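Have a go at each task before reading its solution.

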Amino acid sequence: MSTHSHRSASFYACAHLKSTMAASFGVCRLRFRSLRGFDRFYQGLEPQTQRRLTSTISAIKGHESAKAVTKANENKTFIAIQEERREQAERSVLISCPPRFNEKKFLDYLSKHGTINKHFFYSSYGACAVVEFSSKESIASLRASTNIPAVEHEAAVPFKSRLLSLKWPGSQSNNQPMPNFQEQSPPSIGDITKLLLEKDSVDEQLQCLTEALQLTEENVSLRFLVCSLLGDIAGAYFPECIIRPFGSTVNSFGKLGCDVDMILDLDGIYATSQKKASGLSLEYQVKRGASERAVTQSILSVIGKCVDQFGPGCVGVQNILQARCPLVRFSHQPSGFQCDLTANNRVAMKSSELLFLYGQLDPRVRHLVFSVRCWARVHSITSSIPGAWITNFSLTVMVVFFLQQRSPPILPTLDRLKELAGPSDKCVIEGNDCTIVSDLSKIPLQNNTDTLAKLLQEFFEFYGNFPFNKASINIRKGKEQTKPETTALYIQNPFETTLNISKNVNATQLERFVKLCQESAWLLQKREILNRSSSESAESVSPWGFAALLLPSVTSGAGVKSRRKRKLEPASSRIKNLLDSLKIKGGETVAKKGSANPSR
């Protein structure tokens with residue numbers, strides 16, 4: 001099955017979760033009295049039907065697994081969750097598999113080395129498996145039985161990592177059942193739009209958008225494993241170092257397909273060396289550098305070279321050491337991730353914890369952030385290429401700031417989170433007070449009952465009329481403040497308060513953002529856009545609700561420069577034109593579907 005077809009199958013399986021469970025498993029209970037009966041039924045299906053059923057069951061299991069993990073993590077702190085995931089990664093291996101193999105025999109072979117806690121399969125440059133054992137002793141046993149490959153006309157670098165290859169003796173039959181592959185890529189905008197149009201309200205649209213885009217439990221596990229594999233390389237020089245993921249991987253706002261940002265955490269080494277003892281003591285002899293930045297650059301340079309020369313599956317390694325925050329960038333082919341490695345960027349980790357905390361306080365926070373980010377990406381407000389665009393981090397902080405402005409507020413200010421912190425939460429990094437409460441149960445919340453539809457519309461109204469020319473955004477105080485410098489957009493860094501996290505944004509990009517906010521706010525005020533038409537069938541429904549906001553806009557089509565040279569149409573006229581275009585597009589969609597049906 002192709003990646004695209006599998007993605008669509010999994011995607012729509014999640015969309016019809018309840019109906020699928022009722023139809024598929026209800027029928028199974030009636031027709032089959034045992035697993036053997038189900039197996040006979042399964043083998044009698046057409047191959048395409050087998051794949052659809054397998055994909056549906058996989059999607060349901062994945063959905064239930066994610067819900068179970070979320071429930072289990074509700075009372076855990078951010079640090080506790082990260083440590084648990086890191087420990088699981090250290091007990092895991094990543095195995096490249098042949099195109100076809102027997103899953104049961106594969107797992108039986110691995111089980112000889114110890115109990116398997118969980119495993120999953122995915123596709124990236126071929127089939128791959130992530131296997132988590134119950135103990136590190138199993139990893140040692142597996143490594144002891146693994147061979148360095150014999151290569152012809154080349155020489156193998158004898159680095160024994162936990163990235164392995166499965167060699168299956170003999171040829172495999174094409175009738176060999178394929179394992180269930182977990183999807184690692186985000187759905188296309190087309191698939192997202194189709195899913196949104198099946199919902200009955202804007203609130204349902206935003207909720208299902210989050211479920212479709214968010215990182216799965218398996219994807220997060222794979223990200224931690226990649227960090228752990230890199231830690232094995234760095235550990236050759238710094239045995240006590242830890243490679244930790246930060247940013248979207250851990251802050252609860254990560255989207256399938258996003259990069260993996262990593263920190264080479266050397267604080268464990270420094271903390272040990274700074275212990276003071278009375279009487280005689282010993283110190284390590286060390287090299288000295290001109291500055292902490294110079295030492296960081298030197299360390300990353302060496303680690304980058306090791307990753308390039310010795311790291312299996314690591315390609316395209318770039319040492320970007322002159323950046324404000326020096327980093328090593330590379331692609332990890334076995335996982336399909338783009339990775340950025342920095343060193344001792346503890347403030348970034350604390351920012352990740354802050355966003356995680358905000359995301360856990362109220363489910364509407366994550367739904368609104370995912371929706372605004374999706375909207376911004378579709379309209380090129382954000383970009384994966386560095387430049388003058390607004391970043392996802394800036395957008396997320398803007399959503400947090402907006403939710404602090406509600407009456408009553410949905411989210412507390414950063415200063416309030418500091419007030420609620422206990423002695424163990426005290427944290428000062430490079431002179432910056434980064435203290436925030438870690439226990440969610442200590443944070444009292446206001447009784448705000450605004451719907452997602454209302455919040456989305458008023459988010460666009462809020463920033464469509466925000467005085468960007470004179471005011472800055474400050475989530476520490478939770479209120480507008482006078483801009484300390486003349487940049488287009490000023491968003492105060494939550495912890496390094498003298499920095500502007502949106503300094504890269506220019507006036508042109510900010511103007512586009514404001515115009516799109518105004519346009520989107522107008523659209524959501526229109527009855528034909530806000531509500532689904534009851535007269536239209538599921539097959540012929542016109543874009544409505546959030547789906548309508550993902551269509552090309554009048555603002556984007558006009559272009560900023562051309563709008564400056566001519567008088568703008570009144571907003572109502574522009575919205576009318578866009579509404580007309582939506583009706584035309586809806587009609588074209590129906591026509592295309594009608595003309596396509598006879599050819600099937």
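**Exercise 1. Which residues form one aromatic cluster?**

Solution. Trp375, Phe401, Phe402, Phe459, Phe460, Phe462, Tyr463, Phe466, Phe468 and Phe513 do. Rings of Phe, Tyr and Trp (its six-membered ring) pair if their centres lie within 6.5 Å; planes under 30 degrees apart are stacked, over 60 edge-to-face, and the rest tilted.

Quick housekeeping: this is a predicted model, where local features need pLDDT of at least 70 and side-chain atom pairs count only at pLDDT 80 or more, while totals for chains, interfaces and linings use all residues. Numbering runs from 1 along each chain as its sequence is written, and side-chain values use heavy atoms, with hydrogens and water left out.

**Exercise 2. Classify two of the aromatic pairs.**

Solution. Step one: the structure holds 20 aromatic pairs. Step two: Phe101 and Trp168 have ring centres 6.4 Å apart and planes at 45°, so this pair is tilted. Phe101 sits in the loop between β1 (92-96) and α6 (103-111), and Trp168 in the loop between β4 (163-165) and α8 (189-197), so the pair ties together parts 67 residues apart in sequence. (Helices, H or I with at least four residues, and strands, E with at least two, are DSSP runs numbered from the N terminus.) Step three: Phe401 and Phe462 have ring centres 6.2 Å apart and planes at 55°, so they're tilted. Phe401 lies in helix α15 (residues 392-404) and Phe462 in helix α17, so parts 61 residues apart in sequence get tied together.

**Exercise 3. Is Ser520 buried or exposed?**

Solution. First, locate Ser520: helix α18 (residues 507-525). Next, at 4% relative accessibility, Ser520 counts as buried (under 20% relative accessible area; exposed is over 50%, partly exposed in between; 1.4 Å probe, protein chains only). Finally, leaving out residues up to four places away in sequence, Ser520 touches Trp375, Phe460 and Leu549 (contact: heavy atoms within 4.5 Å).

**Exercise 4. How do the axes of α9 and α17 cross?**

Solution. The axes of α9 (residues 202-213) and α17 (residues 452-464) come within 7 Å and cross at roughly 85°. Axes are lines fitted to C-alpha atoms, for helices over the stretch in contact, with angles from 0 to 180 degrees between N-to-C directions. That makes α9 roughly perpendicular to α17 (65 to 115 degrees; under 35 is roughly parallel, over 145 roughly antiparallel, the rest oblique). Val202, Asp203, Leu206 and Gln207 in α9 meet Leu452, Ala453 and Leu456 in α17.
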